[in-house]
Amino acid sequence: MTSIINILVNGLILGGIYALTSVGLSMQYGVARIFNIAHGEFIMVGAFITWMLYTSFGINPLLCLVVAGPVLFILGFIVHRYLFKTLKDKTPVPTAFEGNSMLLAFGILFIIQSLGIYLWGTQIKGYSFMAYSIYLGGIRFSANRMLILFFAVFLCVLFYLFLTRTRPGKAIRAAAQDPEAASLMGVDINKMLALCFALGAMMAGFAGVLLSMAYQLQTNMGLPYTIIAIIVVVLGGLGSIPGSMLGGFILGIIGSIVNTIDPGLTLAAYYLLFMILLLVRPSGILGR
Amino acid sequence: MNWKTIKYNRYLYPALYILIIVLFIAIPYITAPYTIILLSSIFMYISLTLSWTLFSGPTGYTSLATAAFFGLGLYMAGILGDSVPLIVAVICGGLISFILAFIIGAITLRLRGIYFTIFTFGLVELIKHLMLWWEINIVGVRGRFVPRADNATVFYILLAILAALLLTTYFLKSSRYGMALSSIGSNEEAAIHIGINVVNLKIITFASSAFFIGLTGTIMATRWSYIDPYIAFDPFYSFLPPLMAIFGGLGNLFGPLLGAAVFSYLQETLITRFPYSYMLIFGLIMVITILYLPNGLIGLYQTIRQRFIGGKHADTSS
């Protein structure tokens with residue numbers, strides 16, 4: 001019984017991170033039609049900012065959320081404003097834009113990663129923060145991971161509320177549904193798309209901050225997280241934010257179960273699930 | 001004047017082709033070993049890019065499965081090793097990729113657009129992780145050694161693969177199958193309605209492109225001499241072919257060829273000259289290519305030429 005709870009809790013913690021990493025990607029694709037392969041690099045930058053601030057200045061990693069979030073937001077805004085917007089103006093055909101934007105994102109991945117190597121080197125980095133255990137009902141949990149889970153859920157819910165309850169959130173959703181009609185209603189589409197990309201980068205930054213509390217960091221850590229985010233996004237339905245959250249938790253629990261059977265097969269199980277899903281229901285669990 | 005040009009082309013082009021072939025065959029005898037190795041790498045990228053373009057160019061289905069077929073070819077060389085002649089191993093590598101692509105094509109080519117792309121991307125990772133698991137748990141060792149072949153042999157086999165690929169691309173392009181393929185790219189529904197067997201055509205073309213990728217993989221393994229799943233199924237090899245093709249220009253047969261040649265030469269020299277900033281430069285080239293050279297080098301050439309000749313015409317008409 002305790003082992004089942006353990007698997008479940010581990011799955012939820014993993015799922016929280018997966019959900020947080022995928023929400024941003026899902027929105028970038030769902031609204032801006034950018035399949036951002038460089039998503040994981042934004043996570044990496046967020047994680048390393050936290051590492052730097054914590055090890056050099058002793059700043060609490062939770063405070064880094066306030067630093068890394070805006071930094072990544074601005075970075076995302078600039079990337080969209082100067083690169084993806086230019087591409088969008090040059091490729092009016094939507095399908096061509098999707099393909100080319102993926103390749104452009106791959107180039108951005110290289111640039112950010114190599115700049116990261118200049119700044120932070122290639123060694124594995126890490127720090128310990130709240131690395132003690134807490135006992136709940138006789139089961140041992142590590143404190144920092146519980147904190148990660150809490151903040152991941154909190155940030156996801158906050159993001160969802162932003163999208164559904166606020167005016168800019170509504171404008172973003174309108175832009176996703178019908179860009180032309182939205183622009184006729186007075187929504188500045190280009191601003192919305194940039195905002196949306198920037199918010200996605202910010203969510204990635206948050207995920208990076210949280211990750212760095214309990215996991216090892218390396219400048220090439222981005223791509224694996226991107227790949228998992230892609231799986232989660234497809235699982236939940238491309239462009240569906242609640243779908244990504246749900247998909248994140250489902251994938252986390254599956255990962256945790258497979259991990260107890262054979263750790264070497266976790267990633268293979270993800271891909272298998274992912275490919276079967278693409279064949280059976282490409283629109284995902286909550287997709288339209 | 002027209003008549004003159006025709007006559008000129010009729011003698012010049014075949015002579016030019018023969019000269020190029022003779023030159024390439026003579027290369028291992030007349031140049032330094034480094035040139036052969038460099039040329040082999042360039043040929044590898046050209047083959048991968050042309051194979052990718054064979055299917056993805058006309059149909060518009062962006063495949064990211066190149067690394068899967070390439071890696072399968074590499075592994076074929078590792079598994080067969082010295083037990084069969086090299087040429088047999090190479091053909092086996094091509095065939096296994098053909099078979100896998102055939103199966104994958106049969107189940108996935110119903111997927112359109114981004115879903116097909118994501119699926120092929122996932123395929124590479126799935127094979128990589130299954131292979132890793134298999135090597136660690138069943139074989140007990142990660143990676144394997146491949147018996148080396150000498151540089152000249154590798155060069156000639158790559159040259160032969162490239163020649164076969166060029167001929168295939170050329171004949172496909174001028175045949176009715178090539179037309180049918182591009183009709184899929186422009187409008188798949190319309191292609192179905194005018195009676196093209198879209199599914200079969202896509203599967204066969206996809207599998208043929210994988211065949212050439214597999215051939216290339218097997219022969220390259222003998223040059224690298226050590227492979228493991230991370231090397232063999234590196235997603236890098238999936239992203240390079242579309243990039244090189246776009247860099248050269250997708251609309252023309254020579255576009256991808258030129259793109260791959262220039263790009264891979266740049267890459268090889270960048271790695272040796274600037275090992276540390278190589279990735280940064282590479283990323284910048286990628287971004288600039290996609291943003292500012294949408295029709296590739298060929299497009300750039302045509303624009304310049306148009307401007308030059310166009311200017312002349314404007315003068316005479318006025």
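Q: Which residues of helix 6 of chain B meet helix 9 of chain B?
A: From helix 6 of chain B, B:V154, B:I157, B:L158, B:I161 and B:L165 take part. They meet B:F212, B:L215, B:T216, B:I219, B:T222 and B:R223 in helix 9 of chain B. Keep in mind that this is a predicted model.

Q: How do the residues of that contact divide by class?
A: Eight are nonpolar, two are polar and one is charged.

Q: And what is the angle between helix 6 and helix 9 of chain B?
A: About 170°, with the axes 10 Å apart. Helix 6 covers residues 151–174 of chain B, and helix 9 covers residues 198–224. Angles over 145 degrees count as roughly antiparallel, and helix 6 and helix 9 of chain B are therefore roughly antiparallel to each other.

Q: Where does B:D228 lie?
A: In the loop between strand 2 and helix 10 (229–232) of chain B. B:D228 counts as partly exposed, with 18 C-beta neighbours inside 10 Å.

Q: What is B:D228 in contact with, leaving aside its neighbours within four places in sequence?
A: B:R142 and B:G143. The C-alpha atoms of B:D228 and B:R142 are separated by 6.3 Å. Along the chain, these two are 86 residues apart.

Q: Switching to chain A. Which residue there has a positive phi although it is not a glycine?
A: One is A:R33, with a phi of about 60°. A:R33 lies in the loop between helix 1 (2–32) and helix 2 (39–57) of chain A.

Q: How many C-beta neighbours does A:R33 have inside 10 Å?
A: A:R33 has 19, so it counts as partly exposed.

Q: How do strand 1 and strand 2 of chain A pair?
A: In the antiparallel sense, over four bridges. Strand 1 spans residues 133–136 of chain A, and strand 2 spans residues 139–142. The bridge partner of A:I134 is A:F141 in strand 2 of chain A.

Q: What about the turn in that hairpin?
A: The hairpin has two residues between the strands. A:G137 takes a positive phi near 60° there.

Q: What angle do helix 5 and helix 6 of chain A make?
A: About 75°, with their axes 5 Å apart. That makes helix 5 of chain A roughly perpendicular to helix 6 of chain A.

Q: Which residues make that contact?
A: Helix 5 of chain A brings A:F162, A:L163, A:T164 and A:R165. Helix 6 of chain A brings A:G169, A:I172 and A:R173. By class, the contact has three nonpolar, two polar and two charged residues.

Q: How many residues are in the largest nonpolar core?
A: There are 182. Those with the most contacts inside this core are A:L20, A:A105, A:I108, A:C196, A:L210 and A:I231. Helix 8 (residues 189–214) of chain A gives the most to this core, with 19 residues.

Q: What does A:L20 touch?
A: Not counting residues up to four places away in sequence, A:L20 touches A:A152, A:L155, A:C156, A:M203, A:F206, A:A207 and A:L210.

Q: What is in the second, separate core?
A: That core has five residues, including B:L181, B:I184, B:A191 and B:I196.

Q: Last topic, the interface. How many residues are in contact between the chains?
A: 31 residues of chain B are in contact with 34 residues of chain A.

Q: Which elements give two or more residues to the chain B side?
A: Helix 5 (113–139), helix 11 (236–248) and helix 13 (278–292) of chain B. The largest share, 14 residues, comes from helix 5 of chain B.

Q: And how does the chain B side divide by class?
A: The residues of chain B that touch chain A are 24 nonpolar, six polar and one charged.

Key: Residues are numbered from 1 along each chain as its sequence is written. Chains are lettered from A and ligands numbered from 1 in the order in which they are written. This is a predicted model: local features need pLDDT of at least 70, side-chain atom pairs count only at pLDDT 80 or more; totals for chains, interfaces and linings use all residues. Two residues are in contact if their C-beta atoms, placed from the backbone, lie within 7 Å. Ala, Val, Leu, Ile, Met, Phe, Trp, Tyr, Cys and Pro count as nonpolar, Asp, Glu, Lys and Arg as charged, and the others, Gly among them, as polar. Two strands pair if DSSP finds at least two bridges between them. Axes are lines fitted to C-alpha atoms, for helices over the stretch in contact, and angles run from 0 to 180 degrees between N-to-C directions. Angles under 35 degrees count as roughly parallel, over 145 as roughly antiparallel, 65 to 115 as roughly perpendicular and the rest as oblique. A nonpolar core is a set of buried Ala, Val, Leu, Ile, Met, Phe, Trp, Tyr and Cys residues joined through C-beta atoms within 7 Å. A residue is buried if 20 or more other C-beta atoms lie within 10 Å of its own, exposed if 12 or fewer, and partly exposed in between; C-beta atoms are placed from the backbone.
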